[in-house]
Amino acid sequence: MLILKEITTHSHLYADAEKLLTEAFPPEERRDIATQRYVTDNNKKFQAFAIIYNFDFAGLINIWHLNGIVYIEHLAILPELRQQGIASETLKHIKNHGRPIILEVEPATNTDSCKRIKFYEKNGFILRPIDYTQPAYAPNLPEIKMHIMTCGNIADINEIINAIKTNVYNKG
């Protein structure tokens, strides 16, 4: 049984989610802790969810609601629970809301990034042939070459990418 439980920094599950976020994503692929906490508690377009599987914390998914679409910023499952279908079931929950979904994924340069792309494709996402660079989360961090993947009909991908850059990365 899988449940997505919305969390804030005041939730008892937040510490688990924050720990997994910092372990699963390098600094250049996430906000610093203080900024992440602020966004979690104060940005109405952002939602953080703890993924509960069989009544225990299993992972996290962070999403943004932008221009009628869902942008998945982070999805991570505890290492010991991977390969059990938890991430696929999580995506199914998000897709059940009926809105198009967009996310960033690393280029297929190694075994892990190839697996990640294949995982999303297996779950209905399409790799879009778009030249895309993820803006830096902070001035001291690098931009990162990424790919865009989508699920569902997105009429104007450039409009959505601009909304992501403006709302998620504060790059207008």
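Good morning. The model is predicted: local features need pLDDT of at least 70, side-chain atom pairs count only at pLDDT 80 or more, and totals for chains, interfaces and linings use all residues. Residues are numbered from 1 along each chain as its sequence is written, and side-chain values use heavy atoms, with hydrogens and water left out.

I begin with the sheet. Seven strands form an open sheet of mixed pairing, in the order β1-β2-β3-β4-β5-β7-β6. Strands here are DSSP runs of E with at least two residues, and helices are runs of H or I with at least four, numbered from the N terminus; two strands pair if DSSP finds at least two bridges between them. At the edges are β1 (2-7) and β6 (126-134), each pairing on one side only.

Within the sheet, β3 (residues 56-66) and β4 (residues 69-77) run antiparallel and are joined by eight bridges. Opposite G59 stands I77 in β4.

I turn now to the cores. A nonpolar core is a set of buried (under 20% relative accessible area, 1.4 Å probe, protein chains only) Ala, Val, Leu, Ile, Met, Phe, Trp, Tyr and Cys residues joined through side-chain atoms within 4.5 Å. The largest one has 34 residues, of which L66, Y71, I102 and I164 touch the most other members. Elements giving two or more residues to this core include α1 (14-24), β2 (46-53) and β7 (144-151). Its largest share, five residues, comes from α5.

A second, separate core holds 23 residues, among them F49, I63, L75 and I117. Thank you.

Methods:
Buried < 20%, exposed > 50% of the residue type's maximum accessible area, 1.4 Å probe, protein only.
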